[in-house]
Amino acid sequence: MTEIIHLPGIGNSGELHWQSRWESADPSIRRFDPASWDEPDLSDWIAALEQAVRAARRPPVLVAHSLACLLVAHWHEGSDLPIKGAMLVAVPDPASPAFPAQAASFAEPPRTRFRFPSLIVASTDDPYGSLPYAEMRAEQWGSALTVIGAAGHINGQSELGDWPEGLALVRNFAGRL
């Protein structure tokens with residue numbers, strides 16, 4: 001069985017978010033736990049991710065949303081802990097006017113190819129990150145790219161419910177690793 005660690009974005013994922021719904025349906029999915037969800041500090045989030053991966057019994061699959069996608073890019077450069085892979089949903093563009101000012105420490109994510117398999121899931125109408133931005137990051141990071149159509153920021157406001165298509169994506173991705 002693949003261990004999954006959820007990495008929500010800024011503000012955490014509320015009860016309508018697919019990450020929270022997946023965790024309710026499967027208590028084996030763990031969520032990393034930084035000190036502050038609303039005032040994110042990159043070094044704190046990296047330490048929280050490092051702790052979560054270290055606590056895994058076997059290399060986990062990371063499922064990141066929004067700001068946490070940039071976290072994974074920063075983390076991979078400084079950590080040698082093994083992970084099975086990472087699914088990055090709704091990668092935000094730090095140059096976007098919608099990018100939160102309190103997340104400035106996450107800007108300028110590394111452009112280097114990841115040392116693990118990764119999958120970027122993008123929407124065609126994400127207000128925080130354009131499709132061309134997701135395509136550029138997929139190329140830089142060596143990630144596969146899946147475009148799911150117009151689904152906004154792929155969050156609770158996107159009204160995806162349990163997002164069974166996303167769960168199928170992560171299961172298929174993890175199954176190929």
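Predicted model: local features only at pLDDT ≥ 70, side-chain atom pairs only at ≥ 80, totals over all residues.
Strands S1 and S2 run parallel and are joined by two bridges. Within this pairing, Arg31 of S2 is the bridge partner of His6.

Strand S4 (residues 85-89) is largely enclosed by the rest of the structure, because five of its five residues are buried. In a regular strand, side chains alternate between the two faces of the sheet. In S4, Gly85, Met87 and Val89 point one way, whereas Ala86 and Leu88 point the other way, and all of these residues are buried. On one pairing of S4, five bridges connect this strand to strand S3 (residues 61-65), and the two run parallel. The chain passes from S3 to S4 through helix H3 (residues 67-78), forming a right-handed β-α-β crossover. Val61 stands opposite Gly85 of S4. A further pairing joins S4 to strand S5 (residues 118-122) through four bridges, again in parallel. Ile120 of S5 is the bridge partner of Leu88.

His6 lies in strand S1 (residues 4-7). With a relative accessibility of 0%, against a cut-off of under 20%, His6 is classed as buried. The side chain of His6 reaches the backbone oxygen of Gln19 at a distance of 3.4 Å. When neighbours within four places in sequence are set aside, the contacts of His6 are Gln19, Trp22, Glu23, Ile29, Arg30, Arg31, Phe32 and Val63.

Phe32, one of the residues in contact with His6, also takes part in an aromatic cluster. A search of the whole structure identifies 10 aromatic pairs. The ring centres of Phe32 and Trp37 lie 5.5 Å apart and the ring planes stand at 90 degrees, so this pair is edge-to-face. Ring pairs link Phe32 and Trp37 with Trp45 and Phe106 into a cluster. Phe32 counts as buried because its relative accessibility is 2%, and Trp37, with a relative accessible area of 14%, is likewise buried.

Helix H4 (residues 131-141) contains the buried residues Leu131, Tyr133, Ala134, Arg137, Ala138, Gln140 and Trp141. The elements that cover the buried residues of H4 include H3, S4, S5 and S6. H4 is followed by Gly142, which has a positive phi near 75 degrees.

Technical notes: Residues numbered from 1 in each chain as written. Heavy atoms only, no water. Buried < 20%, exposed > 50% of the residue type's maximum accessible area, 1.4 Å probe, protein only. Polar contact = N/O pair within 3.5 Å; in protein donor to acceptor, adjacent residues only side chain to side chain. Contact = heavy atoms within 4.5 Å. Pairing = 2+ DSSP bridges. Right-handed = clockwise from strand over helix to strand, strands pointing away. Phe/Tyr/Trp six-rings, centres within 6.5 Å; stacked < 30°, edge-to-face > 60°.
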